[in-house]
Amino acid sequence: MTATLDIATVQAFLLVADLQSFTRAAEALGTTQAAVSLKLQRLETLLGKRLVERSPRAVRLTADGASFLDRARALIAAHDRALSGEAPAAQSLSLGISDHATGPELVPLLERLHAMSANLTLAVTIGFSREMQDAYDAGQLDAVIVRQEGSRRGGEKLTEDEFGWFASRRFALPKGEPLPLATLAPPCGVRAIAVRALDKAGIAWRERFVGGGVTAVVAAALAGLAIAPLARRIAPPGLMDIGPAHKLPKLGSSKVMLHSKVSDPAKLAALRAVAATFRSVAAT
């Protein structure tokens, strides 16, 4: 009998390859790490080749695994095209993401969603955590990735960010003058944390730059205009945390949460992939 490839097994292999983790792949598939590992073992046995190298810290493709990767993607794409004639109308997933939570995860997150389903239309909105949460509560968004604020409970924790005072390496703190800040406008929760910490420490400050998004705030800090309170995860290499050197108050940490009211299986699968991808990139 001719051996045949199982679609679910190939999909599991692609997730392991993309997320470089059996744990994250299991989260994305809504199954266990042991089940994913068993699928990969069966696939390797069927192909007669070792596809991944497993170690306590990482999962990497072997040369045979890398060679099989493109063929695996082509197989899944052909499978999806074969089903498209019977598929229901394209679905839409509306996702809101806090600007201060949007980091290097966004690109691989969108890549993973695209790879999962070409029939899923994505509507991604980026803004303040509070605004995203309000839109979600009002039924305008299927899911949100936001910073945990106030007494809000529930949701799924994706990561926990440590904050710092970031500035350009050439930034010179002006003596005898208020601390120049680059922030988002209110009601930014990160701005509120920073201002509250400075006021409590009795440190004078002024807003040197107010940006409409974190990209603009980062640009102002890189240009040497001011200091920006940022999560370490999203601060680019050109910035450094000058807080300890200048005895600025600690900003603490904040949880990044996923809230969802999705029940459709396809959308749930997409959100599982979102959570797994976010955790995978945030952990690197």
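1. Let us begin with R232, which counts as partly exposed because its relative accessibility is 44%; the classes used here are buried for under 20% relative accessible area, exposed for over 50%, and partly exposed in between (1.4 Å probe, protein chains only). R232 forms a salt bridge with D241, with the closest N and O atoms 2.9 Å apart. A salt bridge here means a side-chain nitrogen of Lys or Arg within 4 Å of a carboxyl oxygen of Asp or Glu. D241 is partly exposed too, at a relative accessible area of 22%.

2. Before going on, please keep in mind that this is a predicted model: local features need pLDDT of at least 70, side-chain atom pairs count only at pLDDT 80 or more, and totals for chains, interfaces and linings use all residues. Residues are numbered from 1 along each chain as its sequence is written, and side-chain values use heavy atoms, with hydrogens and water left out.

3. How many salt bridges are there by this rule? The count comes to eight. One of them joins D161 to R147, whose closest N and O atoms are 2.7 Å apart. This pair links distant parts of the chain, with D161 in strand β6 and R147 in strand β5 (residues 143-147), 14 residues apart. Helices (H or I, at least four residues) and strands (E, at least two) are DSSP runs, numbered from the N terminus. D161 and R147 are both buried.

4. The side chains of R279 and E156 also meet in a salt bridge, at 2.7 Å from N to O. R279 lies in helix α9 (residues 265-282) and E156 in strand β6, so the pair ties together parts that are 123 residues apart in sequence. R279 is buried, with a relative accessible area of 14%, whereas E156 is partly exposed at 33%.

5. Now to the neighbour of β6. Strand β6 (residues 156-168) runs antiparallel to β9, and four bridges join them; strands pair if DSSP finds at least two bridges between them. The bridge partner of F163 in β9 is A231. Both faces of β9 (residues 228-231) are covered: A228 and L230 on one side are buried, as are P229 and A231 on the other.

6. Is S168 buried or exposed? S168, which lies in strand β6, counts as buried because its relative accessibility is 4%. Leaving aside residues up to four places away in sequence, S168 touches A221, L222, G224, G238 and L239, where contact means heavy atoms within 4.5 Å.
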